[in-house]
Amino acid sequence: MVIPPNRMTQGSDNPSSDKLSNREQMMRKQRWMTAAIAIIALGWTITAKAQFKTPESSQAEMTSLNQLGEVLARVNGEPVPATAVFPMFAPDREFPLAVVAPRLKLAVDRELISQEAAGLDLDKNPEYLNQIAAAEFPLAMQSRRLLVRLYMQTIPELNKKVKFENPTAAEIDAYLAENPDKFAQLPVQVRRTMAETRITQAKQDKRGLAGEWLKKRLAKVRFTVDGKEIPGALIGEAATAGRTAVLLPAIKDMVVNREVEKRGIDADAIETNTELLTLMLSGSVVEAGGEKVTLGDIPQFERLAADLAASKPMPAIVFKVLSDLVVAADARENGIDEDPGYLERQRQVDQRLNARRADILGEVYYAQQGMGADAIEVTDAEAEDDYNWYRKQFRIPEPSNKQRLIISIHKRLETKKMESIRGPHLAKLRAAAEIEYLIDMPE
């Protein structure tokens, strides 16, 4: 049986410079590899969607993971579980039987490449481990967020009904006086209405109660950045500030002031230099009650640092990560991590991570073999030629979304080139491997 080559695509943004620091190069490479993996996943999703939408699907024979069994194939004796073929699928979810074979072949190829990579100790490669850490962090954030939400649902004072009366004229006047910037761009005649709406929403919003509860909880916790304590009053302000970032700007001030005192650097030279500020802050370690986070590991941190340098408002992501670490520990102490909804979420996260690990390890392996995504090059001229060929072939007028089409064509051409390079290598590996399918596979 011939197994078609694994379809992989890549991102095209791969900037590099001899002048970049090692950390910045690593951060950019992580972004680039993440894009490559995302496109791989996207390609798989698109293929699966297309298969689900075939005309025969409505009348096709259906199956589920429960019906297929736990292990669908073996590669050199190692099992390929159904969860590796259909990650994130519920065991009883039904899908057309016709989609099993192409997905299983992809999973077999992943397992084959993973075995080859492990044989070269690439699963211990620092680049691979960095990529895995970057993939795990946002998923762990999501799991903690769910755990925190479930825990807070058990706290009586956070779930009682909020009773309130409509805002008075005096309250509206005071709100307008306290928040002039929020209404400066609005016509005078609508300012009072908008202010009344916002006061009402604030009274209805349970986040106010949650903020006060969180403020009390965190009052017992010591927060530090690189070992230096963050004032408790600042943590209390961050707890009740809602979505507006308070903690990160304060951390920035503490780090910048430290560098000014240590190195005699001008503060403005740091604060207004996005790259310098990002590099300086990304290595800082913030601790909350024994739980530590390196700022540079937080997703979107580069964007947050850029907003800091530009003095723009930003979401309170850093504080949310730290407070969730503290409250999630409380949740576990109270057994919330045994909640069926949370356990199901964790099962899905584990499956998703396993798929990501295999994809990332595969990219590291191909790079080591000289077939990495950075070895694939499609010029703008090639994409333009392909675009013009389609227009001429199908007599399509100049579309308004030409740039989006060019980007799509660019990625498709990269996929074809990658297949032409990796396909023969995969074929050799398959020929040398013992591949056993444990379900009926169409020839």
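Visitor: How many bridges join strand β2 to β3?

Guide: Strands of a sheet pair through backbone hydrogen bonds, either parallel or antiparallel. In this predicted model, four bridges join β2 (residues 71–75) to β3, and the two run antiparallel. Ala73, for instance, has Val80 in β3 as its bridge partner. Strands (E, at least two residues) and helices (H or I, at least four) are DSSP runs, numbered from the N terminus; two strands pair if DSSP finds at least two bridges between them.

Visitor: In what order do the strands of the sheet lie?

Guide: The open sheet has three strands in the order β3-β2-β9, with antiparallel pairing. Its edge strands, β3 (78–81) and β9 (435–437), each pair on one side only. The twist averages 25 degrees from one strand to the next.

Visitor: Which helix lies across these strands?

Guide: Helix α4 (residues 100–119) lies across β2, β3 and β9, at about 40 degrees to β2. Axes are lines fitted to C-alpha atoms, for helices over the stretch in contact (heavy atoms within 4.5 Å), and angles run from 0 to 180 degrees between N-to-C directions.

Visitor: Which residues have the most contacts inside the largest nonpolar core?

Guide: In soluble globular proteins, nonpolar side chains tend to be buried together. A nonpolar core is a set of buried Ala, Val, Leu, Ile, Met, Phe, Trp, Tyr and Cys residues joined through side-chain atoms within 4.5 Å; buried means under 20% relative accessible area (1.4 Å probe, protein chains only). The largest has 57 residues, and Ile230, Leu247, Ile251, Leu295 and Val318 have the most contacts inside it. Helix α15 (residues 317–333) gives the largest share of this core, ten residues. A second, separate core of 36 residues includes Val85, Phe95, Ala101 and Tyr437.

Visitor: What conventions apply?

Guide: Local features need pLDDT of at least 70 and side-chain atom pairs count only at pLDDT 80 or more, while totals for chains, interfaces and linings use all residues. Residues are numbered from 1 along each chain as its sequence is written, and side-chain values use heavy atoms, leaving out hydrogens and water.

Terms used: Buried < 20%, exposed > 50% of the residue type's maximum accessible area, 1.4 Å probe, protein only.
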